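This report looks at selected local features of one protein model.

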Amino acid sequence: MGGPSAEREVSLSSGRECAAALRVAGYDVTEVILGKDRGGDVVAELSKLAPDVVFNALHGRFGEDGCVQGILEWMDLPYTHSGVLASALAMDKTRSKLALREAGLPVLESLIADADEVRSRHVMQPPYVVKPNDEGSSVGVYLIHDGANQPPQLSDAMPARVMVETYAPGREMTVAVLGDRALGVTEIITDGWYDYDAKYKPGGSRHEIPANIPAEITEACLDYAVRAHQALGCKGLSRTDFRWDETRGLAGLFLLEVNTQPGMTPTSLAPEQAAKVGIDFPALMRWMVEDALCR
């Protein structure tokens, strides 16, 4: 847990929660906190520990993009969640969209542009969203409203090239997939944009499980999430996010992205869905460890 990404603090929170639940499930657990220097001497640390399995509680770059997965493959250590290719593919929003579109799934139109150009003019007709192509957890997300006169003033922390995506109005939904099983549909209700604080601060958002939506939309969300999980080659646990414009029916449902390392904090969505179908947090941890060991 930890690591060098913008989601370090979330990872530390996830790691603490997972370690506690793994101990309740009966495992001997050692917490390995990676520094901000792309993991530091993680090979030496894991070589010394010689674990039976590595529970990956990292988020963002290095932990979610195939890098640490490559190290663990090289060390021949079993690990939870998705492998190298699926992790790298899901983390790259543009390439994952290509794979999802090829699988017949509805994704939003987008383009990659220089950040300086995005700051200087509207590269897409508003409303649109600007975000890094390879970060998660709503880090560095800008919503440009319909009728906005000025282009967004992106912070200097944004990468040199960014994704500009058509804005999808409507309701926010998410589906966790465990193995090849969709656990349920949650609607995420906030007072505004579902940003970093809304995701991770207590009270930042309200989760309605199951979502109060038509059966047709529920079934589509469950189906799309499993198909997305399979199209990207995900393993273990993933979470797929959606937007639904109810005025357009099924045509208004769009898949936003697939998360191969969903958050495991007290306010996180995947553990809530698992609990709703009778899988408590320690049992979820046990399933993930056994899944990693049996591959």
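## Basis of the description

A residue counts as buried when its relative accessible area is under 20%, as exposed when over 50%, and as partly exposed in between, with a 1.4 Å probe and protein chains only. The model is predicted, and local features need pLDDT of at least 70, side-chain atom pairs count only at pLDDT 80 or more, while totals for chains, interfaces and linings use all residues. Residues are numbered from 1 along each chain as its sequence is written, and side-chain values use heavy atoms, with hydrogens and water left out.

Methionine 285 is located in helix H10, where helices (H or I, at least four residues) and strands (E, at least two) are DSSP runs numbered from the N terminus. With a relative accessible area of 0%, methionine 285 is buried. Its contacts, meaning heavy atoms within 4.5 Å, are with Cys18, Ala21, Leu22, Phe55 and Met264, leaving aside residues up to four places away in sequence. Methionine 285 and valine 24 are 261 residues apart in sequence, yet their C-alpha atoms are 9.6 Å apart in space.

Glutamine 69 belongs to helix H3 (residues 67-74) and is likewise buried, at a relative accessible area of 0%. Its side chain reaches the backbone nitrogen of glycine 66 at 3.1 Å. When residues up to four places away in sequence are not counted, glutamine 69 touches Asn56, Phe62, Gly63, Glu64, Tyr79, Ser82, Gly83, Val84, Ser87 and Gln261.

## The aromatic pair

A search of the whole structure finds one aromatic pair. Tyrosine 224 and phenylalanine 242 form this pair, which is tilted, with 6.5 Å centre to centre and 35° between the planes. Rings of Phe, Tyr and Trp (its six-membered ring) pair if their centres lie within 6.5 Å, and planes under 30 degrees apart count as stacked, over 60 as edge-to-face and the rest as tilted.

The pair links distant parts of the chain, since tyrosine 224 is in helix H8 (residues 215-231) and phenylalanine 242 in strand S8 (residues 237-244), 18 residues apart. Tyrosine 224 is buried at a relative accessible area of 13%, and phenylalanine 242 is buried at 0%.

## The largest pocket

The largest pocket is lined by 27 residues, of which Val29, Thr30, Val53, Val54 and Phe55 lie nearest its centre. On a 1 Å grid over the protein atoms alone, a pocket is an open set of points where a 1.4 Å probe fits, with protein on both sides within 12 Å along at least five of seven lines, and lining residues have an atom within 4 Å of a point.

Helix H1 (8-24), helix H2 (42-49), H3 and helix H10 (281-293) each supply at least two residues of this lining, and the largest share, four residues, comes from H1.

## Backbone features

A cis peptide bond with omega of about 5° joins proline 126 and proline 127, and proline 127 lies in the loop between helix H6 (115-120) and strand S2 (128-131). Another cis peptide bond, with omega of about -5°, joins isoleucine 209 and proline 210; proline 210 is in the loop between strand S7 (206-208) and H8.

Aspartate 76 has a positive phi of about 60° although it is not a glycine, and histidine 81, also not a glycine, has a positive phi of about 70°. Aspartate 76 is found in the loop between H3 and helix H4 (84-91), and histidine 81 is placed in the loop between H3 and H4. Aspartate 76 is exposed at 67% relative accessibility, whereas histidine 81 is buried at 2%.

Note on methods
A polar contact is a pair of N or O atoms within 3.5 Å; within protein, one must be able to donate a hydrogen and the other to accept it, and residues adjacent in sequence count only if both atoms are side-chain atoms.
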